[in-house]
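Student: I'm new to this one. Could you pick one part, take a close look at it with me, and tell me what sits around it?

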Amino acid sequence: MPHSFTRRHFAKLAGSLPLVPAVASAQATVITPDSRCFPPDFVWGTATSAYQIEGSVTAEGRGPSIWDRYAHLPGKIHGNDHGDHASDHFARYKEDVALMKALGVTAYRFSIAWPRVFPDGNGEPNPKGMDFYNRLVDELLANGVAPYATLYHWDLPQSLQDRVGGWQSRDTAQAFGAYAGYVAQKISDRVKHIFTINESATFIDFGYGSGPVEMAPGLKLPQAELNQVRHNVLLGHGLAVQAIRASGHADTKVGPAENIVACVPAIATPQNIRAAEIATREMNGGYLTAMLEGRYTDAFLAYAGRNAPKFTADDMKIISSPLDFVGINVYMPQHYVVASEDPNGFSLLPFPRSFPHMESDWLRMGPEAMYWAPRLLARNWDVKAIYITENGTSGADKMSADGRVIDLDRIMYLRNYLTQLQRATAEGVPVKGYFLWSLMDNFEWADGYAKRFGLYHLDFDSQRRTPKLSAEFYRQTIAANRPM
Ligand code: GBH
């Protein structure tokens, strides 16, 4: 230590400070640790996804997914990386459950690889593929960690892409519904929370549209076809909800895990807050709004014009099947909003070049998104249960000679976002739990292994897992039930 402060020294210092101001009056606000606590039954978890961690891509009858194919195309992924081995979780899942236990988490959000369960996407199931998730779920439960399963984290069976054009076809939505029903039947005796689709906005815009980065299957469709893909994915979500209700245990809870477009009032005046509410509804028009309202907004349809998706009233009923909760991934503010005279009622402000971001260029440091996103979600659609299904950051993590990773930027990011989340729960926003992305370093899509999001550092050669300092931060935060 640079200064010769001892523990006792600090205790003495703290002891000499009056906890209550000397002039405390009846009105004075005393900040006690409790006022920063999360609700007592708050769910603390970590999150991962199948292709990003499992490896063993041909084990026990797994079929290929669009990510296997795509990642092996030269030049698509940073460093030509791929997920063939990833974090080797398929073989090391027991060790990884022990890592969770060491953090003190009570929940784990993982995804099920569709091509393990249905190697061709539909038709004959592969029971050996399902067995892996049975083993994982049993191991989690034996260690006091509640399993939360995501059905689709972007690893579409390649066979569906080849045979029907993937999400360009309603057949894929139907196949997804059937797969969801099958999984629910097999695991909902033990898995009580199921997420349908992770971030439809991301894999559609980047996989089928023209996002700034590319994702599998690497198509760039014209607007009309892209909107039809969006619609088919929404339909898949709705069919999955219905299939889970039909085939799962009665107490199975289901919802999406969407990356809500987080709209933050630039200055929190009542007018700007109202504008952010309107913006939240409109900017999520292609996804969450359609799911929650059973309609596309007038502005969405007007903007799409002749490229609008083709759909029936029945589709919209399926898409808006009642949910038990809404899961949202919140990494950053997408837009800062102010009230405006124009017919929309809001305008989106441009970001200055100097707006801070984390190690990934896209990952803006704007903790208040973690307060406004759930607050406006609850307010706009009267949502009664919300999960933060992902939040976390990449970092330029370096392991020191003595084997430590001092990831102070990740701790700073998490502490600030969690402080804003606690602000929301303290005001009664019904956030039930939080899943930190990610348990461990993994395959970060187009960034390959170059961007690390884990609480545990991975040496991808030896597959050794090492807790970063942020793992200790999270452990202490969970133990105290407040951001430390
Ligand atoms: C999530 O996406 C994913 O669910 C998860 O699999 C992933 O590992 C994690 O976050 C970390 O990225 O066009 O410049 O915005 C988060 C949202 C949207 C972030 C697409 C990356 C692409 C770069 N993602 N975005 S940019």
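Tutor: Let's begin with a term: a pocket here is an open set of grid points with protein on both sides within 12 Å along at least five of seven lines. Keep in mind that the model is predicted. The second largest pocket has a volume of about 160 Å³. It is lined by 14 residues, and the closest to its centre are L292, P322, L323, V326 and V383. By class, that lining has nine nonpolar, two polar and three charged residues.

Two packed helices are described by the angle between their axes and the distance between the axes. Take helix α4 (residues 89–103) as a partner: its axis lies 10 Å from that of α6, at an angle of about 15°. Angles under 35 degrees count as roughly parallel, so α4 and α6 are roughly parallel. Their crossing is right-handed. On the α4 side you'll find H89, F90, Y93, K94, V97 and M100, and they meet F132, R135, L136, E139 and L140 in α6. Sort the residues of this contact and you get seven nonpolar, one polar and three charged.

P127, M130 and N134 of α6 touch Y182, V183, K186 and I187 of α8. This contact has five nonpolar residues, one polar and one charged.

Key: Residues numbered from 1 in each chain as written. Predicted model: local features only at pLDDT ≥ 70, side-chain atom pairs only at ≥ 80, totals over all residues. Heavy atoms only, no water. Contact = heavy atoms within 4.5 Å. Helix = DSSP H or I, 4+ residues; strand = E, 2+ residues; numbered from the N terminus. Nonpolar A, V, L, I, M, F, W, Y, C, P; charged D, E, K, R; others polar. 1 Å grid on protein atoms, 1.4 Å probe; cavity = no way out; pocket = protein on both sides within 12 Å on 5 of 7 lines; lining within 4 Å. Points joined across faces, edges and corners; volume = space filled by probe spheres on them. Axes fitted to C-alpha atoms, helices over the stretch in contact; angles between N-to-C directions. Parallel < 35°, antiparallel > 145°, perpendicular 65-115°, else oblique. Left-handed = near helix turned anticlockwise from the far one by under 90°.
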